[in-house]
Amino acid sequence: MRKFVGTARLEHGADVALFVTTCRAFTKDALGLALRQDIVALHRDLVGSWVEGAHLETLIPLNGSGGDTRRRPSA
């Protein structure tokens, strides 16, 4: 996550920095860093929704949650 945060916007010019994981969950540290740095941390459970046609704009509010908002740390 640190490498991604450091390169997504500065090196690659991303307007929306989207980090997708295929593991069960982001670590607490990785998710905290992503949320602090305005990185969209898309959990693998939401990738299927995106592939099936859900607009990214509808998934961004679920940032880091994997569809379960109880997993999102408080800011």
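Student: What is the relative accessible area of Arg9, and is Arg9 buried, partly exposed or exposed?

Tutor: Arg9 has a relative accessible area of 31%, so it counts as partly exposed. The scale is simple: buried means under 20% relative accessible area, exposed means over 50%, and partly exposed lies in between (1.4 Å probe, protein chains only).

First, the ground rules. This is a predicted model, so local features need pLDDT of at least 70 and side-chain atom pairs pLDDT 80 or more, while totals for chains, interfaces and linings use all residues. Residues are numbered from 1 along each chain as its sequence is written, and side-chain values use heavy atoms, without hydrogens or water. The pLDDT is the predictor's confidence in each residue, from 0 to 100.

Now the partner of Arg9. Arg9 forms a salt bridge with Asp38, and their closest N and O atoms are 3.8 Å apart. The term requires a side-chain nitrogen of Lys or Arg within 4 Å of a carboxyl oxygen of Asp or Glu. The pair links distant parts of the chain, 29 residues apart. Arg9 sits in the loop between helix 1 and strand 1, and Asp38 in the loop between helix 2 and strand 2. A search of the whole structure finds one salt bridge. In general, side chains of opposite charge can pair when their charged atoms come close.

With a relative accessible area of 58%, Asp38 is exposed. Its phi is positive, about 60°, although Asp38 is not a glycine. Most residues other than glycine have a negative phi. Asp38 follows helix 2.

At 24% relative accessibility, Leu35 counts as partly exposed. The C-alpha atoms of Leu35 and Asn63 are separated by 7.9 Å, although the two residues are 28 residues apart along the chain.

Next, the core. The largest nonpolar core has 10 residues: Met1, Ala8, Ala17, Phe26, Ala30, Leu31, Leu33, Ala34, Ile39 and Ala41. Helix 2 (residues 28-36) gives the most to this core, with four residues. A nonpolar core is a set of buried Ala, Val, Leu, Ile, Met, Phe, Trp, Tyr and Cys residues joined through side-chain atoms within 4.5 Å. In soluble globular proteins, nonpolar side chains tend to be buried together. Ala8 is one of the core residues. Beyond its neighbours within four places in sequence, Ala8 is in contact (heavy atoms within 4.5 Å) with Gly13, Ala14 and Ala17.

Phe4, Phe19 and Phe26 form one aromatic cluster. Rings of Phe, Tyr and Trp (its six-membered ring) pair if their centres lie within 6.5 Å; planes under 30 degrees apart count as stacked, over 60 as edge-to-face and the rest as tilted. By this rule there are two aromatic pairs. One of them is Phe4 with Phe19, edge-to-face at 5.2 Å centre to centre and 80° between the planes. This pair also links distant parts of the chain, with Phe4 in helix 1 and Phe19 in strand 1 (residues 18-20), 15 residues apart.

Thr21 lies in the loop between strand 1 and helix 2, and at 7% relative accessibility it counts as buried. Leaving aside neighbours within four places in sequence, its contacts are Phe26, Leu42, His43 and Arg44.

Finally, the whole. The protein has four helices and two strands, in the order α-β-α-β-α-α from the N terminus. Buried residues make up 29% of its 75 residues. The mean pLDDT is 80, and 87% of residues reach 70 or more. Among the elements, helix 2 has the highest mean pLDDT (90), and helix 3 (residues 44-51) the lowest (82). Over residues 68-75 the pLDDT is below 50, and this stretch has 12 contacts in the model beyond near neighbours in sequence.
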